[in-house]
Each structure stands twice: as structure tokens, then as C-alpha cells.
Amino acid sequence: MKTICLYFEIHQITHLKRYRFFDIGTDHYYYDDYENERTINKIAEQSYIPALNTILDMIKEYGDYFKVAFSLSGVGIEQLEIYAPQVIEKLQELNSTGCVEFIAEPYSHGLSSLANKECFKEDVLRQIGKINELFGHKPKILRNSSLIYNDEIGLVASQMGFIGMLTEGAKHVLGWKSPHYIYNCALQPKLKLLLRDINLSDDISLRFANTNWEGYPLFADKFVNDIVAFPEKEEFVGLFMNLSALGIDQPLSSNILDFLYALPRCAKERDITFSTPFEVCKKFKSVGSLEVPDTLSWIDEERDVSTWLGNLMQREAFNKLYSVADRIRIARDPSINQDWYYLQASNNFRLMSTKPSHVGIYRGIFNNAFDAFTNYMNILGDFINRVDALYPADIDNDELNSLLTTIRNQGEEIEIKDKEIARLKAKIEKIEKDKSKGKKNTKNKVTGKKQEK
């Protein structure tokens with residue numbers, strides 16, 4: 001029996017403001033709050049809320065037959081909490097149905113997996129903590145930013161305790177193999193790989209409203225028939241896309257939500273089920289390892305990382321950013337960490353891309369890739385100056401780690417002593433109170449005897 005694994009990504013770009021060279025050292029706030037509020041409210045109104053309402057209606061109608069998965073970047077969650085908390089509330093309502101799975105991803109939606117293993121681990125663990133805080137769920141499945149994956153990343157994911165990862169069913173990796181089977185990491189067989197069906201996912205997320213597309217108009221029954229037509233042994237179909245595809249990339253006027261709503265009915269008629277990524281990993285065995293020595297992603301025709309690291313500007317910005325990764329990780333300074341996660345977001349590097357893309361790049365206030373690069377490097381210059389001021393570069397990481405560990409231990413000792421002092425003060429106050437009561441009772445007894453006489 002075939003099963004559909006339907007997954008949506010929710011990530012919100014944090015727009016950087018115009019930041020000039022002369023702002024370095026004087027202005028430590030890097031964000032365009034007006035643009036952030038405007039864009040997130042637009043996406044929430046035109047995509048997130050209507051799409052999530054439709055998914056909730058589907059669950060109410062089909063019960064636990066219909067399953068869906070989401071992942072949210074940590075920086076995206078922060079923006080939603082500030083500007084569109086109704087989206088978080090709707091996701092919590094969906095979570096209460098028991099038909100939704102939330103999966104892990106880097107908090108920053110960044111490229112830490114390509115730069116620093118320990119940084120990547122902390123990036124993911126921070127997001128897991130946030131997901132657990134909001135939804136009471138600790139993910140067992142990992143989805144890296146933009147489905148970025150290679151064998152080494154898979155090994156790290158397995159070491160972190162994940163049982164599965166989502167990634168792209170790229171032709172140059174699969175060769176003659178089909179994306180409709182479960183594979184495993186070449187370096188760690190315990191980690192299962194769930195691959196995205198590129199054609200079917202893009203039919204919905206990229207082509208649905210395109211009247212020039214040969215498959216237009218796309219109806220749910222035809223879509224399901226295409227799935228039924230796959231060979232009998234091909235039992236898994238991964239439909240992975242951004243939630244913003246429903247309403248933004250494909251406008252609501254295209255009837256994209258009607259298509260989505262009809263999907264479970266048509267699938268049920270053809271004995272096709274829906275499963276979450278965790279259920280897929282438990283239900284299906286791997287048919288073999290998938291070797292991915294070179295990094296792949298779900299972006300552009302190449303399905304690689306060239307959209308973020310394809311030119312000298314991007315690599316310069318990337319290398320400079322992660323040159324301070326270890327010091328930031330060791331230091332754990334809240335004010336630095338906040339900006340660290342926002343500056344890591346992959347969209348900052350995509351704005352610097354000079355390669356042609358079939359998916360347009362919206363650069364906002366920036367005129368071109370060089371303009372975006374210059375602005376980012378100005379911000380990065382100020383950010384690194386702040387890091388250097390707090391944690392000088394001439395102190396090596398081991399020395400810094402030792403120093404900060406000593407400071408934290410002293411802080412913990414002081415805290416323990418403060419608690420002990422507070423406990424002893426309370427005890428003394430209780431003793432004095434009891435003593436005072438005892439004297440009062442004795443006085444009353446003496447007074448009473450005098451009155452009797």
C-alpha cells in the first residue's frame with residue numbers, strides 16, 4: 001500500500017536594514033522592523049492562516065487517516081511570536097489533534113552544517129528546545145536548511161539521536177534509483193533517508209497556477225492517479241514544500257487550497273494512506289545505502305549549494321561569519337547569540353547570488369548582489385568587532401573555554417551560597433519567631449496566675 005508523506009516548511013526571512021560603513025561601531029541594531037512586520041503579516045494573511053485552517057478542516061473530516069508534518073526555523077518562530085502569534089496558536093491547535101508531527105531543523109535556518117559540526121549541533125538543539133516548549137514534542141526526524149545533506153551531515157544527525165532525515169531526491173545522486181523507497185546514510189545505516197519527489201512536489205509548489213504548463217490545470221484525482229501508476233513496490237511518496245507555496249507562490253485565486261482539500265478523498269478512494277516522517281521510518285525498511293559525498297539541496301536545477309556559496313562574495317561572507325563560530329559557541333553570550341542566529345540565515349547569502357535561477361530572488365532594498373554583499377559585510381564588521389571586544393581573538397579557544405568555565409563555576413558557587421544564606425536566614429527568623437512566641441506564652445501564664453491570686 002502506498003503512503004504519502006506531506007511536509008511543510010515554515011521559515012520567515014528577517015530583513016536587514018540599510019547599514020553603511022559609518023554605522024560600524026555606533027549602531028548595533030541590524031534589522032528592518034517595518035519590512036519584517038509588513039511581510040510576515042502579508043504571508044500570515046494570504047498563506048499561513050488560510051492554509052492551516054484548511055489542513056485543520058481536513059483533519060476534522062478525515063480524522064487520523066490524514067497526517068501532516070511541519071518544521072519551523074527558530075528565527076521564523078521568533079518573528080511569528082512578535083508579529084503574527086495567531087499562526088503559532090493555529091499550529092498548537094493542529095498539534096492537539098494528534099495528526100501532526102513537528103520535525104527538527106537548525107534554529108537559524110543557516111549553513112552551519114557546512115562550516116562547524118559543533119555549531120550545527122547547537123543550532124539544531126536550540127530549535128528542538130523551542131519546539132518542545134511550544135508543542136510539547138521532541139523531534140526524532142531532522143530536516144536541514146533547504147534539505148541540505150551529505151554523508152557527513154547524516155553521520156552527525158545519527159550521532160545526535162535522529163532516526164531519519166529528509167532530503168532531496170536529486171537525479172544526479174539517485175541515478176537509476178527511485179525516490180519512492182527509503183534509503184539509509186552511507187556512513188550510518190541506522191539513519192533512514194526520506195527523499196522528496198521533485199516532480200510531484202514542484203507540480204504543487206511551483207507550477208500549479210502556471211497556465212502555460214502542460215499539466216495545467218492540475219486536479220487532485222489526476223495527481224493521485226499519477227501516484228497509483230508508480231510500480232507496486234514503490235510505496236513511499238515524499239511531498240515536501242514551503243507552506244508559503246499555498247497562497248504566496250501559488251495564489252489562493254488558483255484554487256490551490258481546494259486541490260489540497262480534495263487530496264485525501266481521492267487518495268482514500270485509491271487505498272493510499274498518509275504518514276508522518278516518523279511513521280514512515282518505523283513502517284518501512286531501508287532498501288540500501290545512498291552515497292552522497294557532495295552536498296545537495298532542494299534549490300535550483302543543480303540541487304547543490306551554489307545558490308549560497310557559488311561566488312567569491314558569498315564565500316568571503318560565509319568564511320568571515322563562521323570564523324568566530326567557536327568563540328560564540330564557547331561564550332554563550334545572549335546578546336551576541338541573538339544576532340548570531342539571524343546573521344546565519346541562508347537567505348542573507350542567497351541575496352548575494354549572481355547565478356540565474358528559475359525561482360526569482362527578491363532582494364528588497366538591495367539593488368543587486370554586490371549591494372547586498374556590501375551591506376551584509378558592514379553589519380558583519382560591526383558584529384565581529386563586538387565579539388572581539390568581549391572575547392579577544394588573541395585568546396585561544398581552549399584558554400577562553402577554561403576562563404569562562406571558571407567564571408560560570410564561580411557564578412554557580414555564589415548562587416548555591418546565596419541560597420544557603422537565604423535558607424539559614426529563614427531558619428534563624430523561624431527560631432526567633434518561635435522564641436518570641438515562647439516568651440509571650442510564658443508571660444501570659446504568669447499573668448494568669450497573678451490574676452488567680
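These legends go with a handful of close-up views of a predicted model.

**View 1. Helices α1 and α9 cross in this close-up.**
Start with α1, which covers residues 33–62, and look for α9, which covers residues 256–269. Their axes come within 10 Å and cross at roughly 20°. Angles under 35 degrees count as roughly parallel, so α1 and α9 are roughly parallel to each other. As for its hand, the crossing of α1 and α9 is right-handed.

**View 2. Here we look at the residues where α1 and α9 meet.**
On the α1 side you'll find Pro50, Ala51, Thr54, Ile55, Asp57, Met58, Glu61 and Tyr62. Facing them from α9 are Leu257, Leu260, Tyr261, Pro264 and Arg265. Sort the residues of this contact by kind and you get 9 nonpolar, 1 polar and 3 charged.

To get your bearings, find α7 (198–205) and α8 (220–228); proline 217 lies in the loop between them.

**View 3. Serine 146 has a positive phi.**
This view takes us to the loop between β4 (141–143) and α5 (151–159), where serine 146 is found. Its phi is near 55°, a positive value in a residue other than glycine. Is serine 146 buried or exposed? With a relative accessible area of 5%, serine 146 is buried.

**View 4. Aspartate 271 has a positive phi too, and it counts as exposed.**
Move along to the loop between α9 and β11 (273–274), and there sits aspartate 271. Phi of aspartate 271 is near 60°, and once again this is a positive value in a residue other than glycine. The relative accessibility of aspartate 271 is 54%. Exposed means over 50%, so aspartate 271 counts as exposed.

**View 5. Aspartate 202 is buried in helix α7.**
Back in α7, pick out aspartate 202. Its relative accessible area is 5%. Buried means under 20%, so aspartate 202 counts as buried. Which residues is aspartate 202 in contact with, leaving aside its neighbours within four places in sequence? They are Arg196, Arg207 and Arg303.

How values were computed: Residues are numbered from 1 along each chain as its sequence is written. This is a predicted model: local features need pLDDT of at least 70, side-chain atom pairs count only at pLDDT 80 or more; totals for chains, interfaces and linings use all residues. Side-chain values use heavy atoms; hydrogens and water are left out. Axes are lines fitted to C-alpha atoms, for helices over the stretch in contact, and angles run from 0 to 180 degrees between N-to-C directions. Helices (H or I, at least four residues) and strands (E, at least two) are DSSP runs, numbered from the N terminus. Angles under 35 degrees count as roughly parallel, over 145 as roughly antiparallel, 65 to 115 as roughly perpendicular and the rest as oblique. A crossing is left-handed if the near helix is turned anticlockwise from the far one by less than a right angle, and right-handed if clockwise. Contact means heavy atoms within 4.5 Å. Ala, Val, Leu, Ile, Met, Phe, Trp, Tyr, Cys and Pro count as nonpolar, Asp, Glu, Lys and Arg as charged, and the others, Gly among them, as polar. Buried means under 20% relative accessible area, exposed over 50%, partly exposed in between (1.4 Å probe, protein chains only).
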